[in-house]
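Hi everyone, thanks for coming. Let me put the structure up, and then we can walk through it together.

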Amino acid sequence: MKKKIWELGMTVLLLTGVFWLARTGARLTGADAGAGNGVVLIDSGHGGSDPGKIGIHQEKEKDINLQIAKRLKKQLEKNGVKVYMTRENDVDLSEGDGGNSKVQDLKRRCEMVRKIQPDCVLSIHQNSYPEEAIHGAQVFYYEDSSEGKKLAEILQKHLVEVLDKENHRQAKGNRTYYMLKKTEATLVIVECGFLSNNQEALLLTDEKYQSKVAKAICSGTLEYLSSLAEKK
Ligand SMILES: [Zn+2]
């Protein structure tokens, strides 16, 4: 009898232990996934009839934007972030309206921002310049937005660290870009690189490099989101 009670006791103890471990484990995983929790809208620039910038080897900005945006979406989701996209295909957001004016397209994107009310909007673009030598990622924010500035500076830091430590570009304020002007949300424009630069254009179409770009933007976004969570 004594042995039976002892056995029962051990079983209960063991089960309690297993239960406790399982619960703690679940909680830890939840906490990890939630560290960067938040809602992000990824805006893949241009699309459809609007190719954006045309690269030195005829790369189309709209395609590279979407490829990087999709990689970024996956990485953010892996970290428990809820992600929305302004487009997931090669479309112009004004299509179906009879016309496809650029303004209508941008208005639609801004409407999505208002509807979704994300913690931040990452607008993905590629740059271009008449001088071939110019290169390097750069993030823009609306000049009067302190949150935009903060997010842009964090992202710039991560892009420099991951892609090119020699890149001395800094996050820059802007008052003229339509989406920066017309949205209340914290929005930044990430110019991942220059399609007018021979080497950077080749890199930006390379899958591995695109993943690196996405990784840099993802880790920067997570850092920003966790700073928001601390404030709450
Ligand atoms: Zn663009």
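How many of the 232 residues of the chain, in percent, count as buried? The figure is 44%, with buried meaning under 20% relative accessible area for a 1.4 Å probe, protein chains only. Please keep in mind that this is a predicted model, where local features need pLDDT of at least 70, side-chain atom pairs count only at pLDDT 80 or more, and totals for chains, interfaces and linings use all residues. Residues are numbered from 1 along each chain as its sequence is written, and side-chain values use heavy atoms, leaving out hydrogens and water.

Now the fold. We have seven helices and six strands, taken as DSSP runs (H or I, at least four residues, for helices; E, at least two, for strands) numbered from the N terminus. In order, they read α-β-α-β-α-β-β-α-β-α-β-α-α. Among contacts (heavy atoms within 4.5 Å) with a separation of 6 or more, 78% join residues 24 or more positions apart.

On to the largest pocket, which holds about 250 Å³ of space. A pocket here is an open set of points on a 1 Å grid where a 1.4 Å probe fits, with protein on both sides within 12 Å along at least five of seven lines; lining residues have an atom within 4 Å of a point. There are 17 of them, and His46, Leu106, His125, Tyr177 and Ile189 lie nearest the centre. Helix 3 (102–116), strand 3 (120–127), helix 5 (178–182) and strand 6 (187–194) each give two or more residues. Helix 3 supplies the largest share of the lining, four residues.

Notes. Buried < 20%, exposed > 50% of the residue type's maximum accessible area, 1.4 Å probe, protein only. Points joined across faces, edges and corners; volume = space filled by probe spheres on them.
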